[in-house]
Amino acid sequence: MRFILRRLGFYLIAFWASITLNFLLPRFMPGDPVSRMFARSQDRMQPEQIEALRKLLGVDDRPIWEQYVDYLHNVFTGQMGVSISRFPTPVTEVISSQIGWTLLLGGTALVIAAVVGNLLGILAAWRRGGAIDSALPPVLVFIGSFPYFWLAMGALYLFGVVLGWFPIRHAFTDGLEPAFTWEFIGDVGAHLVLPALTIVLVSIGGWMLGMRNTMIATNSEDYITMAEAKGLRPSRIMLRYAARNAMLPSVTSFGMGLGFVVGGALLTEVVFAYPGVGYQLLNAVQGLDYPLMQGLFLTITAAVLLANFLVDILYVRLDPRVRSN
Amino acid sequence: MTTALLKQPTSTPAVRKPNRSFVHGLLSNKKALTGLAVMVIFIALALLAPVLFPGDPSRITAMASMEPSAEHWLGTTAKGQDVLALTLHGSRSSLFVGLTVGLASTFIGILVGLASAYFGKFIDEALSLVTNVFLLLPGLPLLVILAAFLPPGLGTVILVLVVTGWAGSARVLRSQALSIRSKDFVAAAVVSGERAGRIMFREILPNMASIVMGTLLACVIYGIGAQAGLEFLGLGDVSTVSWGNNLFWAGNEGALLTGSWWVFVPSGVCIALVAFALALINYAVDEVTNPRLRKIKTPQATPVKTERSAAK
């Protein structure tokens with residue numbers, strides 16, 4: 001319990017830090033980007049909306065601490081202002097309409113990469129020096145050295161443009177009504193293949209090597225020798241004895257991976273014009289849409305922190321050593 | 001690895017000897033040699049770029065979107081620029097930024113790690129807290145936000161990459177410094193009244209040379225990749241020629257959709273080759289300094305490295 005509370009305190013501090021960063025950035029940056037934004041979009045907005053945005057982004061004359069208190073209050077009550085590029089939709093509405101796509105893309109890719117990567121790592125460590133162990137790691141490390149977005153571009157070119165097997169843009173075909181029909185789900189699935197595949201390709205090496213290295217350490221433990229002496233089936237020793245005890249670092253990576261899901265799919269989403277939060281973040285940056293940018297960054301940070309906290313709770317459940325401390 | 005070093009007398013000049021065997025081990029390691037060879041070629045090409053392709057590489061020299069030919073080995077872009085010239089000139093900015101970011105992040109990492117380990121208690125708590133917060137904040141979105149608010153330019157790119165990149169190296173170096181901090185020779189140095197700075201930089205630091213080197217390589221890889229990503233998103237300095245900007249323009253001019261694969265392949269392959277070469281050197285450093293990894297001839301990463309790659 002104390003462990004959980006300490007972690008919770010840490011995540012709150014981290015969240016506070018990102019809010020404060022968000023607060024300070026538009027206020028202390030040279031060149032006054034916010035005024036530029038207002039100059040561009042003044043005529044479309046109501047006076048009171050301009051007033052609210054001015055407060056949010058710090059273009060007012062009140063003392064800085066007063067602005068800060070106000071800002072914190074706004075964030076915790078979910079008042080993030082209206083989006084400039086998608087005027088007059090509130091920022092929160094824009095974000096909630098898009099986070100689902102990011103979760104779908106990132107979640108699918110993460111689960112596939114983690115499951116396949118860990119299984120490969122288990123096999124590689126179990127048959128050390130075997131085919132999987134000697135051939136795959138160099139290949140995966142090599143693939144992992146390519147820039148992430150470049151692989152995505154390559155996949156888009158090869159499978160999307162040249163071969164034409166998969167659609168290359170957006171999350172579903174234009175004009176198709178989102179509904180729970182087989183047609184729509186199949187369409188979404190087809191649009192998901194290429195972006196998810198590239199994420200899996202790049203991240204699978206990390207999972208495999210991580211699992212392999214921890215499992216090599218567990219393989220030399222006494223309880224493995226004991227299990228072998230008892231005459232248990234090798235597959236049982238591999239999965240229930242060695243792999244199970246080597247899982248913990250992978251669980252931690254999974255938590256970090258969840259954070260990556262929300263924030264890190266940005267480049268993939270941009271290449272495939274996939275309508276998730278990362279793609280929207282870049283659009284917001286290009287459209288000088290500062291309220292949306294801030295809202296997206298806070299949402300992404302909050303998601304990352306929440307994911308890590310959930311993994312911590314899971315950790316307590318999995319690792320008795322944490323509980324006894 | 002530390003135990004091997006510790007068998008030497010602990011006065012500072014003694015560090016020389018293991019260093020020489022370290023260099024020797026590195027030069028007789030196949031992975032290290034391959035990696036070093038690739039790096040030497042790239043650095044040479046980067047230095048020679050103004051000689052091989054004099055003048056502004058982004059000037060228009062030929063017809064648009066030509067396939068690779070004898071005249072233009074890698075074809076031309078949709079604007080009619082020579083892709084080979086762009087790629088060679090691009091290596092200058094990419095390698096420079098990568099190296100600068102790597103050195104700066106590692107330097108901050110060393111300072112934070114050593115201070116954490118040596119002073120302990122409150123300072124360690126505070127520094128670790130800051131490090132962990134930076135590790136947890138989502139890197140890429142933070143990059144994008146910072147780049148959006150700061151004025152565009154090469155300095156901004158470097159600053160932003162260091163801000164998002166130092167925390168990983170600080171954590172790795174801290175844990176290594178902590179384990180050395182608890183050794184007897186450090187305690188002896190403390191008792192004999194050496195100054196804090198001397199203990200940190202002359203006693204502890206030389207004993208973690210190999211992990212510093214590994215961290216530096218990882219940071220350079222990060223710097224090159226992250227710069228490319230940032231520039232690909234159009235958030236770098238669009239006026240300079242670099243691998244990331246080449247890819248940005250390739251995407252912008254629709255090289256993918258028109259089938260001009262020769263425009264986006266070279267820069268991407270270059271980034272991958274450099275990253276792979278640096279990774280090979282990194283593995284070699286591990287193998288040379290960690291006897292446990294040397295026995296079986298398979299590439300291997302230490303848990304430290306996996307932690308870093310997962311963190312990205």
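This tour walks through two chains and the contact between them, one selection at a time.

**Before you start.** The model is predicted: local features need pLDDT of at least 70, side-chain atom pairs count only at pLDDT 80 or more, and totals for chains, interfaces and linings use all residues. Residues are numbered from 1 along each chain as its sequence is written, while chains are lettered from A and ligands numbered from 1 in the order in which they are written.

**Select chain A.** Chain A has 14 helices and zero strands. Helices (H or I, at least four residues) and strands (E, at least two) are DSSP runs, numbered from the N terminus. Of the 325 residues in chain A, 42% are buried. Here, buried means 20 or more other C-beta atoms within 10 Å of the residue's own, exposed means 12 or fewer, and partly exposed is in between, with C-beta atoms placed from the backbone. Now consider contacts, meaning residue pairs whose C-beta atoms, placed from the backbone, lie within 7 Å. Among contacts in chain A between residues at least 6 apart in sequence, 74% join residues at least 24 apart.

**Select helices 5 and 6 of chain A.** These are residues 91-126 and residues 131-145, and they pack at an angle of about 130°, with their axes 7 Å apart. Axes are lines fitted to C-alpha atoms, for helices over the stretch in contact, and angles run from 0 to 180 degrees between N-to-C directions. Helix 5 of chain A is therefore oblique to helix 6 of chain A. The classes are roughly parallel under 35 degrees, roughly antiparallel over 145, roughly perpendicular from 65 to 115, and oblique for the rest. Show the side chains at the contact. Helix 5 of chain A brings A:Leu120, A:Leu123 and A:Ala124, and helix 6 of chain A brings A:Ile132, A:Asp133 and A:Leu136. By class, that contact has five nonpolar, no polar and one charged residues. Ala, Val, Leu, Ile, Met, Phe, Trp, Tyr, Cys and Pro count as nonpolar, Asp, Glu, Lys and Arg as charged, and the others, Gly among them, as polar.

**Select A:Leu194.** Look in helix 8 (residues 182-219) of chain A. A:Leu194 is buried, with 23 other C-beta atoms within 10 Å. A:Leu156 is 38 residues away from A:Leu194 in sequence, yet 7.1 Å away in space, C-alpha to C-alpha. Beyond its neighbours within four places in sequence, A:Leu194 contacts residues including A:Phe159, A:Phe166 and A:Phe272.

**Select A:Ala152.** Not counting residues up to four places away in sequence, A:Ala152 touches A:Thr198, A:Leu267, A:Thr268, A:Val271 and A:Phe272.

**Select helix 9 of chain A.** Just after helix 9 of chain A, find A:Gly231, with a positive phi of about 85°.

**Select chain B.** Chain B has 14 helices and zero strands. Buried residues account for 51% of its 312 residues.

**Select the contact between the chains.** Chain B gives 42 residues and chain A gives 52 residues. On the side of chain B that touches chain A, helix 12 of chain B gives the most, with eight residues. That side of chain B has 32 nonpolar, 10 polar and no charged residues.

How values were computed:
Two residues are in contact if their C-beta atoms, placed from the backbone, lie within 7 Å.
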